[in-house]
Amino acid sequence: MTALLTAMLTSPGWRDVVVLAGAPTEVRVTGSEVVLGVGAQPEGLDGRVLVVLVVEDHRDWRVDALISRASAAGAGALLLAGTEPLGRGAQLLAERLRLPVLGCADPLAAHEYLRRVTAEPEVVRSDLVLRAVSALRRAGGDLASVLRTTSGVLARPVTLAGADGGTLAGDPLEPDERAALVGVLPQVPVAWAAPYRVDLPSGAVLLAVAVLSVGPVCWLVARLPGAVPAEVAAVPEVLTVVAPAVGERLALRRLELERDARQRTSLLGELLHGEPSEATRRRAVDLGWQLDGWHTGIRIGADGQVDVAGRRTDVVEAFDAEGLRAVVVEQGDGWSAWITGVREPTSTEVQQQAAAIRRVQRRLVQTVDTYVGVGRVQAGPSGIATTLAEAGDAAGLARGRAETGRFLHVDRLGLAQLLLAWTRTDTFQPAAQALLAPIKDQPGDLVTTLAVYLDTESSLAETAAVLGIHRNTASARITKIQHLLGVDLTNPDERLALHLASRTTPTE
C-alpha cells in the first residue's frame, strides 16, 4: 500500500516529522528502509523512505553525497535523525533532484509507523478500535466527554453534526466543509449504511457515520487533514464503535429536554387560562419566570421539520446575544417567548426592543426558516396571555409577508390588526369569496397578483419582481382586475376591503 507523503506529514504518527528540503507534493511512498549512518550505500529503494538513524551534523558533506545516492536508488524521500537545518548545498541538491529530505527526533518511531501504515493497515485499524473501546470505558458520562475522548484517540477533530451540517457538539465545521458534507449525506440514513467520505479541495477528508437515536438524524464526523489510506480505512471503524455511545447519551439528553419542555408547556398552559393560582405562581418562581411587571409577547414560528425542543437553546442564546432576557417555551411548530420589565417601557424603548427582536430573528434564520410576531406590552400575569395572543396573530400575518422580512410588530399593524379577528369569522369568509369571484377563475392567477400588488403598496415593479413576471404583464393584470371587479384601487376603502379579501381567500 502506498501513501502520499503530504498526507503522511499530517498523520498523528508523523506529527514530529518536518521538511528540511525539497517539495513533498505528489510524492508517493511505499514503505521505509533503515540504515545506521550517512555512509550507507542504498540500492533498489523503489519509492521507499530511506531512514537514517544517526546523523551527527546535517551540514556534513556526506549528507550531500547520501542525497545523491538515495535519489539514484529510487528513494521516495530521505528521513534524517534530528531537525537541524541542512547546508545550503544539500538544500539545492535536494531541490534539483526532487528528493524530499525530512527530519525527526525519533526516526525509528517514524519508520515503524510508516511500516505499519503501508504494510499492516489492518493492525492500525485494530489498534485504533481497541484504544477507542478502552478509552470509552474510562470516559465521563456526558456527550462532550465522549467526543473529546474520540478526538484524543484519533488525534483528529471530531464533530457531532445535524442533518444540516450544523455543529451540535464537538469541534465546529468550517462553512465550506459543512456545505460539502450536506451535499453527500442522505436525509434518512439506515442502520446498515456504509460510512460516508467527503474529499475536500484542500486534500482534507471528512468521514461521517450516522448516529441513530430517538431524536433527529445526526452524524459523527472526523476531519483528516490528509488521506492516508490506512487511516481513512481505520477512522470509520472507530466512529462506528463510538456512534452507539453517542446515541445513548443523545437519548438520555433527549428525555431530559422533553421532560423540561413538558414542564414549561404545562405551566404556560395554566397561565393562558386565567389568573394563576398560588401553586402556579410557585412553579413559575421555581423556573425563574417573573409573572408581575410589563410583558412583551413574541411568537417564533418555524417552517419545515424543526426539532423544537432540541433547538430551544439556540433561541435562548440568540436572545441573550442581543441583551434580551426572555422566557422561551416550546409550543407547536415553534416557540412562544416573552420579555418582562419592572416598569412600562416608553414608545422609544418599545421600538428599540422590537429592533432587537428582529435581530434575534436574523440570527435564527441562518439555520431555521422562521417568521416572528411581536405583541403589545401588557401588564400583570394575565398580560402574558394577552400579549402572546397578539404575537400569535402577528406571526400568522408575518408568515406570508416576505416583503416585511416575515416579521410583524402589533404596534405597527394598525387597522389590519384590529380587523384580523373579523377576517377569520364565518361571516367574512363567504363575503370575501363572493367579492373576488369575478377574477378567481381567470387566467394569470389574478387573486395572487392582487394580493401581492396591495402588499407592495401598489408598486408594479415590486409586484413583477415577486411574481417573476414582466412589469407590463403586471400592469395588464391590474387593469384587468379593476375592470372585472369594477373597482378603483386608488380608493382607500376599496383597497382595504380587497386587501383583506385577497388575504383570506384560497388562491388555488
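This is a predicted model: local features need pLDDT of at least 70, side-chain atom pairs count only at pLDDT 80 or more; totals for chains, interfaces and linings use all residues.

1. Leu 397 is placed in helix α12, which covers residues 380-398; helices here are DSSP runs of H or I with at least four residues, strands are runs of E with at least two, and both are numbered from the N terminus. Leu 397 counts as buried because its relative accessibility is 14%. Buried means under 20% relative accessible area, exposed means over 50%, and partly exposed lies in between, with a 1.4 Å probe and protein chains only. The C-alpha atoms of Leu 397 and Leu 181 are separated by 36 Å, and the two residues are 216 residues apart along the chain.

2. Residues are numbered from 1 along each chain as its sequence is written, and side-chain values use heavy atoms, with hydrogens and water left out.

3. As to overall form, the protein has 18 helices and 17 strands. Its radius of gyration is 33 Å, well over the 23 Å that the globule rule gives for 508 residues, so the protein is more spread out than a compact globule. The radius is taken over C-alpha atoms, and the rule is 2.2 Å times the number of residues to the power 0.38. Along the principal axes, the C-alpha atoms fill a box of roughly 100 × 65 × 45 Å.

4. Of the 508 residues, 47% count as buried. The accessible surface comes to about 24500 Å², and carbon and sulfur atoms account for 52% of it; the areas come from the Shrake-Rupley method with a 1.4 Å probe, and for residues only the protein chains shown count as cover.

5. Which residues touch the most other members of the largest nonpolar core? They are Trp 14, Leu 160, Leu 220 and Val 246, in a core of 51 residues. Helix α8 (residues 229-271) gives the most to this core, with 10 residues. Apart from it lies another core, of 23 residues, including Val 38 and Leu 93. A nonpolar core is a set of buried Ala, Val, Leu, Ile, Met, Phe, Trp, Tyr and Cys residues joined through side-chain atoms within 4.5 Å.

6. When neighbours within four places in sequence are left aside, the contacts of Leu 160 include Leu 143, Val 211, Trp 219 and Leu 250; contact means heavy atoms within 4.5 Å. Ser 145 belongs to helix α6 (residues 143-154) and counts as buried, at 9% relative accessibility.

7. Two residues deserve attention for their backbone angles. Most residues other than glycine have a negative phi. Asp 46, although not a glycine, has a positive phi of about 50 degrees; it is found in the loop between β4 (32-35) and β5 (49-52) and is exposed, at 60% relative accessibility. Arg 98, likewise not a glycine, has a positive phi of about 55 degrees. Arg 98 sits in the loop between α3 (88-97) and β7 (101-104), and its relative accessibility of 73% makes it exposed.

8. Gly 332 lies in the loop between β14 (326-331) and β15 (334-341). With a relative accessible area of 70%, Gly 332 is exposed. The C-alpha atoms of Gly 332 and Val 308 are separated by 8.2 Å, the residues being 24 residues apart along the chain.
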